[in-house]
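Here is a friendly briefing to read alongside the structure. Have the model open and follow the topics in turn.

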Amino acid sequence: MQIDIGINETNRTAIADGLGRVLADSYALYLKTHNFHWNVTGPMFQTLHTMFEEQYTELAMAIDEVAERIRSLGAFAPGSFSAYAKLSSIPEETGVPAAKDMITQLVEGHETVIKTARSLYPICDSSDDDATADLLTARIQVHEKTAWMLRSLLES
């Protein structure tokens, strides 16, 4: 069935592809945050364990919103580890780093999602896609605040 929401098919596809990268980065960050929640140790254990849980829970909800926006644009959302590995800019962590290194990696992950999301504004603007732009703005605000809070833990 034809989709007629005021955004042409070429732009809908480009936006959905960009959102696929946001989704992949968000999922990679979710997985990394959940991993760190399980495996953090040291004197900041309780603080970080709780903070990481709050963060991966928020990311889980965000992943769903991004995927549903992709579907609203008429595309299929990527949903496999192999697809995420191809699309994500966030490196996988296969070991168990020290708590401060976990925090640093998560800051970098949030900053990556921000940059990936921000890169979609030009196509959203030129397509009058306010819905995607609003979603990206909300996501960027959450990631910027989370990165700030994590960076604050690294200050001496």
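## A buried alanine and its helix neighbours

Ala147 is buried, with a relative accessible area of 1% (buried means under 20%, exposed over 50% and partly exposed in between, with a 1.4 Å probe and protein chains only). This is a predicted model, in which local features need pLDDT of at least 70 and side-chain atom pairs count only at pLDDT 80 or more, while totals for chains, interfaces and linings use all residues. Residues are numbered from 1 along each chain as its sequence is written, and side-chain values use heavy atoms, with hydrogens and water left out.

- Ala147 sits in helix H6; helices here are DSSP runs (H or I) of at least four residues, numbered from the N terminus.
- Setting aside residues up to four places away in sequence, Ala147 touches Val107 and His110, where contact means heavy atoms within 4.5 Å.
- The C-alpha atoms of Ala147 and His110 are separated by 5.9 Å, although the two residues are 37 residues apart along the chain.
- Thr146 also lies in helix H6, and at 13% relative accessibility it counts as buried.
- Thr146 touches Gln55 and His110, again not counting residues up to four places away in sequence.

**H4 against H6**

- Helix H4 (residues 99–118) packs on H6 at an angle of about 155°, with the axes 9 Å apart; axes are lines fitted to C-alpha atoms, for helices over the stretch in contact, and angles run from 0 to 180 degrees between N-to-C directions.
- That angle makes H4 roughly antiparallel to H6 (over 145 degrees; under 35 is roughly parallel, 65 to 115 roughly perpendicular and the rest oblique).
- H4 passes H6 in a left-handed crossing, meaning that the near helix is turned anticlockwise from the far one by less than a right angle.
- On the H4 side the contact includes Val107 and His110, and on the H6 side it includes Thr146 and Ala147.
- By class, this contact of H4 with H6 has 12 nonpolar, 4 polar and 5 charged residues; Ala, Val, Leu, Ile, Met, Phe, Trp, Tyr, Cys and Pro count as nonpolar, Asp, Glu, Lys and Arg as charged, and the others, Gly among them, as polar.

**H2 against H6**

- The axes of helix H2 (residues 45–72) and helix H6 (residues 130–154) come within 12 Å and cross at roughly 165°.
- H2 is therefore roughly antiparallel to H6.
- The crossing of H2 and H6 is left-handed.
- Among the residues making the contact are Phe52, Gln55 and Leu59 of H2, with Leu135, Val142 and Thr146 of H6.
- The contact of H2 with H6 has 11 nonpolar, 4 polar and 4 charged residues.

**H1 against H4**

- H1 and H4 have axes that come within 9 Å and cross at roughly 165°.
- H1 and H4 are therefore roughly antiparallel to each other, and their crossing is left-handed.
- Residues in the contact include Leu29 and Phe36 of H1, and Leu106, His110 and Val113 of H4.
- The residues of the contact of H1 with H4 divide into 7 nonpolar, 8 polar and 3 charged.

**Aromatic pairs**

- The count comes to 5 aromatic pairs, with rings of Phe, Tyr and Trp (its six-membered ring) pairing if their centres lie within 6.5 Å; planes under 30 degrees apart are stacked, over 60 edge-to-face and the rest tilted.
- The rings of Tyr27 and Tyr84 have centres 4.8 Å apart and planes at 25°, so the pair is stacked.
- This pair links distant parts of the chain, with Tyr27 in helix H1 (residues 9–39) and Tyr84 in helix H3 (residues 81–87), 57 residues apart.
- Tyr27 counts as partly exposed at 23% relative accessibility, whereas Tyr84 is buried at 11%.
- Phe36 and Phe52 form a tilted pair, 6.5 Å centre to centre with 50° between the planes.
- Phe36 in helix H1 and Phe52 in helix H2 are 16 residues apart, and both are buried.
- Ring pairs link Tyr27, Tyr30, Tyr56, Phe81 and Tyr84 into a cluster.

**A backbone detail**

- Most residues other than glycine have a negative phi.
- Asp128 has a phi near 55°, a positive value in a residue other than glycine.
- Asp128 is found in the loop between helix H5 (121–126) and H6, and is exposed, with a relative accessible area of 62%.

Technical notes: Helix = DSSP H or I, 4+ residues; strand = E, 2+ residues; numbered from the N terminus.
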